[in-house]
Amino acid sequence: SFDFHDINIYQNEECDMDGSTFLAAKTGSTYTFTSDDVGEVIFACSVGTHCNQGQTVKFTVVAEDSMEEVEYSPVENNPC
């Protein structure tokens, strides 16, 4: 059994590790968005089947000069 998490940036929501970027091997890590992140950024855990079980989160990042209020909708039934 897996009793830990990691965090990666995925290219899509299909839990495909191809092209993903490893960020950290533990819970509680931080990430600062930059202008390179404008668009959709998908974070997910790659441990075991965590990603396929819904341990993902998607952010829409906008350029600082086009800041607008964004509505946040939590994902229901997320096992995180």
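In strand 2, Phe22 is the bridge partner of Asn8, and in strand 3 the bridge partner of Asn8 is Ala44; strands here are DSSP runs (E, at least two residues), numbered from the N terminus. The structure is a predicted model, in which local features need pLDDT of at least 70 and side-chain atom pairs count only at pLDDT 80 or more, whereas totals for chains, interfaces and linings use all residues. Residues are numbered from 1 along each chain as its sequence is written, and side-chain values use heavy atoms, with hydrogens and water left out.

Strand 1 is joined to strand 2 by three bridges, the two strands running antiparallel, and three bridges likewise join strand 1 to strand 3 in an antiparallel arrangement. Strand 3 pairs with strand 4 over six bridges, again in the antiparallel sense, and within strand 4 it is Lys58 that stands opposite Ile42. Two strands are taken to pair if DSSP finds at least two bridges between them. Together, four strands form an open sheet in the order 2-1-3-4, with antiparallel pairing. Strand 2 and strand 4 are the edge strands, each pairing on one side only. On average, neighbouring strands of this sheet are turned by 30 degrees against each other, direction ignored, the axes being lines fitted to C-alpha atoms and angles running from 0 to 180 degrees between N-to-C directions.

The structure holds two salt bridges, each defined as a side-chain nitrogen of Lys or Arg within 4 Å of a carboxyl oxygen of Asp or Glu. Glu13 forms a salt bridge with Lys58, with the closest N and O atoms 3.3 Å apart; because Glu13 lies in the loop between strand 1 and strand 2 while Lys58 lies in strand 4, this pair ties together parts that are 45 residues apart in sequence. Glu40 forms a salt bridge with Lys58 as well, the closest N and O atoms being 3.7 Å apart, and since Glu40 lies in strand 3 and Lys58 in strand 4, the pair ties together parts that are 18 residues apart in sequence. With buried meaning under 20% relative accessible area, exposed over 50% and partly exposed in between (1.4 Å probe, protein chains only), Glu40 counts as exposed at 54%, whereas Glu13 at 48% is partly exposed and Lys58 at 37% is partly exposed.

A search of the whole structure finds one disulfide, a term applied to a pair of cysteine sulfur atoms within 2.5 Å. The disulfide is formed by Cys15 and Cys51, whose sulfur atoms are 2.1 Å apart. The pair links distant parts of the chain, 36 residues apart, with Cys15 in the loop between strand 1 (7-10) and strand 2 (21-24) and Cys51 in the loop between strand 3 (39-44) and strand 4 (56-61). The torsion about the S-S bond of Cys15 and Cys51 is about -85 degrees, so the disulfide is left-handed. Both Cys15 and Cys51 are buried, and Cys45 counts as buried at 4% relative accessibility.
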